Amino acid sequence: METKSLTLTNFNGREFKVHTYFLEKNPKLAVQTRPLIIVIPGGSFNHLSARESEPVALAYNARGFNSVVMEYNLVQDPGKIYPDAGLDVLTTVKYYRDHAEEYGIDPNKIVTLGFSAGGHVASAANFMANSEKFAKKYDYQAEEVRPNKTILGYPLINIDQIGFEIPDGQEKDLPDEPELRDSALGVTRETPATFIFQAWDDPVVLISNSIEYIRALYANQVECEAHLFNKGYHGFSLARPETTESGKEWQNNPHAARWFEMSIEWLKQELG
């Protein structure tokens, strides 16, 4: 496996890092290109969750995917979170689509996977990819930057539907534009087909976030598969022992862990 870190520059001139986990090329394989998973970890916009980063990338590697973990700007970084966080996603998609042959990627099988706050970044980026206003301002074409599919894990969709008060001083870093504050408002017919999973008892990102996004996908005739687990709380990642923190045994949840294998099945159906 090849692992390295790259520094990319987004459409707004901001630098950000991506960390690659690419399987070695094998000339004996019948199919010489692999799908790409772009992992966008959560972390309440004040850190990037390690449990939703490398372990997830490696899990998809084990199932034949190349993967990258993408960093994005946080509340302690200069400027607002948006539009740069969304532009980071679009830039990452375009970079690997443009360099698909070099990396052994199928340019038509690029998938974004966002957890929690990273789910907001991924879904906001899908809106921005299809927005004529953003495309004109930052000089890109939708087909260059739009992922082929999207996976959202316990995603923040509507910033006003969280189970806690936004800390003092952070509101100024959050977006004002309606479709960025509530990414369900940005869903269109061109939004990528989406796989969603969340726990019903999530007290941090309320389950109404996923439900609102599912309703928006349905209203716009966008294909969706959704799994709403009865128990799981928030931030369970792969829900396996290797991603369980000390004192948080609830993160080891074999039932909720099924989301991963179901996402593989869904991707095989969707990507072919």
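Biologist: Leaving aside its neighbours within four places in sequence, which residues is Tyr-96 in contact with?

Modeller: This is a predicted model, and in it Tyr-96 is in contact with Leu-6, Val-18, Thr-20, Phe-22, Leu-36, Val-68, Tyr-103, Ile-105 and Ile-110.

Biologist: Which members of the largest nonpolar core touch the most other members?

Modeller: Tyr-96 is one of them, along with Phe-45, Tyr-72 and Tyr-140, in a core of 55 residues. Helix α4 (residues 117-130) gives the largest share of this core, 8 residues. Another core, of 31 residues, lies apart from it, and includes Phe-195, Ala-199, Phe-229 and Leu-271.

Biologist: How should I read the strands?

Modeller: Strands of a sheet pair through backbone hydrogen bonds, either parallel or antiparallel. Here 8 strands make an open sheet with mixed pairing, in the order β1-β2-β4-β3-β5-β6-β7-β8. At the edges are β1 (2-9) and β8 (224-229), each of which pairs on one side only. Neighbouring strands of this sheet are turned by 20° against each other on average, direction ignored.

Biologist: Do β1 and β2 run parallel or antiparallel?

Modeller: They run antiparallel, and 8 bridges join β1 to β2 (residues 15-22). Leu-6 has Val-18 in β2 as its bridge partner. Both Leu-6 and Val-18 are among the contacts of Tyr-96.

Biologist: How many bridges link β3 to β5, and how many link β5 to β6?

Modeller: β3 and β5 are paired in the parallel sense over 6 bridges, with Leu-36 standing opposite Ile-110 in β5. The strands β5 and β6 also run parallel, joined by 5 bridges. There, Gly-114 has Leu-152 in β6 as its bridge partner.

Biologist: Why is β5 described as largely enclosed by the rest of the structure?

Modeller: Because 9 of its 11 residues are buried, β5 is largely enclosed by the rest of the structure.

Biologist: Which strands does helix α1 lie across?

Modeller: Helix α1 (residues 54-61) lies across β2, β3 (34-40), β4 (66-70), β5 (105-115) and β6 (149-153). Its direction is at about 170° to β4.

Conventions:
Residues are numbered from 1 along each chain as its sequence is written. This is a predicted model: local features need pLDDT of at least 70, side-chain atom pairs count only at pLDDT 80 or more; totals for chains, interfaces and linings use all residues. Side-chain values use heavy atoms; hydrogens and water are left out. Two strands pair if DSSP finds at least two bridges between them. Helices (H or I, at least four residues) and strands (E, at least two) are DSSP runs, numbered from the N terminus. Axes are lines fitted to C-alpha atoms, for helices over the stretch in contact, and angles run from 0 to 180 degrees between N-to-C directions. Contact means heavy atoms within 4.5 Å. A nonpolar core is a set of buried Ala, Val, Leu, Ile, Met, Phe, Trp, Tyr and Cys residues joined through side-chain atoms within 4.5 Å. Buried means under 20% relative accessible area, exposed over 50%, partly exposed in between (1.4 Å probe, protein chains only).
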